[in-house]
Amino acid sequence: MDENIGGGKLENDYKNPVEGAMSKIEMSEELNNLIRQEYIIGSFYKSARPDIQEVLVDKYRDNKSWDKIADDRHIDEKTARRWRDDFKNGVSAWIP
């Protein structure tokens, strides 16, 4: 008894080699852009002062509020935000 009603043949399979190649190229370009961005951000992060690195980790990895970051680091909230802004401005100069 065959329980595979409908066969097993894929009826609407559409393969266009040109579209497939273009899709791979586009995904490759996007992936390369993301890798480049990761490298730039990592380079800026590694060259930042340790106290700035700690503020960035608190904000973006640990999702702490600016008030909590300022209290934990014994700095003004505006200082923490300025460090973040300076970091982002430096990175954005290298990322289109």
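## Arg 49 and Asp 51

In this predicted model, Arg 49 counts as partly exposed, at 42% relative accessibility. The side chain of Arg 49 meets that of Asp 51 in a salt bridge, with a distance of 3.0 Å from N to O. Asp 51 is likewise partly exposed, its relative accessibility being 28%.

## A link between helices H2 and H3

A further salt bridge joins the side chains of Asp 58 and Arg 73, at 2.9 Å from N to O. Asp 58 belongs to helix H2 (residues 50-61) and Arg 73 to helix H3 (residues 66-73), so this pair ties together parts that are 15 residues apart in sequence. Asp 58 is buried, because its relative accessible area of 3% falls under 20%. Arg 73, with 30%, is partly exposed.

## Salt bridges as a network

Within helix H3, Asp 72 and Lys 68 are four residues apart, which means that about one helical turn separates them. They form a salt bridge whose closest N and O atoms are 3.1 Å apart. Asp 72 is partly exposed at 28% relative accessibility, and Lys 68 is partly exposed at 41%.

Salt bridges link Glu 54, Asp 58, Lys 64, Lys 68, Asp 72 and Arg 73 in a network. The count of salt bridges comes to nine.

## The packing of H1 and H4

The axes of helix H1 (residues 17-47) and helix H4 (residues 77-92) come within 10 Å and cross at roughly 135°. H1 is therefore oblique to H4. Their crossing is right-handed.

In the contact, Ile 40, Ile 41, Phe 44 and Tyr 45 of H1 meet Phe 87, Gly 90 and Val 91 of H4. These residues comprise six nonpolar, one polar and no charged.

Key. Residues numbered from 1 in each chain as written. Predicted model: local features only at pLDDT ≥ 70, side-chain atom pairs only at ≥ 80, totals over all residues. Heavy atoms only, no water. Axes fitted to C-alpha atoms, helices over the stretch in contact; angles between N-to-C directions. Helix = DSSP H or I, 4+ residues; strand = E, 2+ residues; numbered from the N terminus. Parallel < 35°, antiparallel > 145°, perpendicular 65-115°, else oblique. Left-handed = near helix turned anticlockwise from the far one by under 90°. Contact = heavy atoms within 4.5 Å. Nonpolar A, V, L, I, M, F, W, Y, C, P; charged D, E, K, R; others polar. Salt bridge = Lys/Arg side-chain N within 4 Å of Asp/Glu carboxyl O. Buried < 20%, exposed > 50% of the residue type's maximum accessible area, 1.4 Å probe, protein only.
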